[in-house]
Amino acid sequence: MLLQWYGGPVMHSTTAVPVFWGSRWNTSFAGDKISGLDLVYSRVGGTPYAHTNSEYNDGSGNVNTTSIGKGSDLTDYSTTPSGAPSTSQVLAEVAKVTNNRPVANAYYPVYSDQPRGNAGYCAWHSSGTINGIRVQFGFFFNLDGDPGCDPQAPTNLGHSQGLSALANVTGHELSEMLTDPQLNAWYDQRGYENADKCAWTFNGNVTIGGQSWKIQGNWSNEAANTNSGYANGGCIQTS
């Protein structure tokens, strides 16, 4: 089942501004997670992994997988909501940490210090406006010791389990943000976006920032049409 375009925009450039929300980010809990995610966001642009998203367009051009910049991290050491926050709560957090002056069309992935508990997902992405400024944003639970959200990356890659888990879902949500930023662009008839269709499937590792990462592939209509990908013939990890 191929992805279809439903008329919405794709990302022609963006700036990723990670947000670390919760009191534990100011403790040893942070470990290698902040520095590792900073490396991913600052170096992912122009990589063969990012290029897996480049075939999708919106009539005015394709996803630009080179023009992915990174802004300075934002932190909020206040207590995060108990349980799974709503999209409006996460958007309100982005408004708070940006003083209601976000970067237009930026992507604000919000990393909580709380485990997911009974939530049936590891992360998500969405879009909204702050003072009339369109932004994209995401939400990520703390995935330390969470077997349901663990890609089981080899320890010799040099990353903690918690960072490896966050890096994998970070790639998933970043890819969907690029190809379906406002949830009205590219998805299939079941509502699956390009990363959803290849969730938890791997074909080796990808290289970002000179390091190897175990990050899932993304769906390619072109690969599916020629049966040249892995996992149902349509998943690719590099392009």
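I looked up the lining of the largest pocket by class and noted seven nonpolar, five polar and four charged residues. Here Ala, Val, Leu, Ile, Met, Phe, Trp, Tyr, Cys and Pro count as nonpolar, Asp, Glu, Lys and Arg as charged, and the others, Gly among them, as polar.

The model is predicted; local features need pLDDT of at least 70, side-chain atom pairs count only at pLDDT 80 or more, and totals for chains, interfaces and linings use all residues. Residues are numbered from 1 along each chain as its sequence is written, and side-chain values use heavy atoms, without hydrogens and water.

Next I took the volume: the largest pocket holds about 200 Å³ of space. A pocket is an open set of points on a 1 Å grid over the protein atoms alone, where a 1.4 Å probe fits, with protein on both sides within 12 Å along at least five of seven lines; lining residues have an atom within 4 Å of a point. Of its 16 lining residues, Cys122, Ala123, His172, Glu173 and Asp196 are the closest to the centre. α3 gives the most to this lining, five residues.

I then turned to helix packing. α1 (residues 33–43) and α3 pack at about 30°, with axes 9 Å apart, and are therefore roughly parallel (angles under 35 degrees). For the contact (heavy atoms within 4.5 Å), I listed Lys33, Gly36, Leu37, Val40 and Tyr41 in α1 against Gly162, Leu163, Leu166, Ala167 and Thr170 in α3. The residues of this contact divide into six nonpolar, three polar and one charged.

Technical notes
Points joined across faces, edges and corners; volume = space filled by probe spheres on them. Helix = DSSP H or I, 4+ residues; strand = E, 2+ residues; numbered from the N terminus. Axes fitted to C-alpha atoms, helices over the stretch in contact; angles between N-to-C directions. Parallel < 35°, antiparallel > 145°, perpendicular 65-115°, else oblique.
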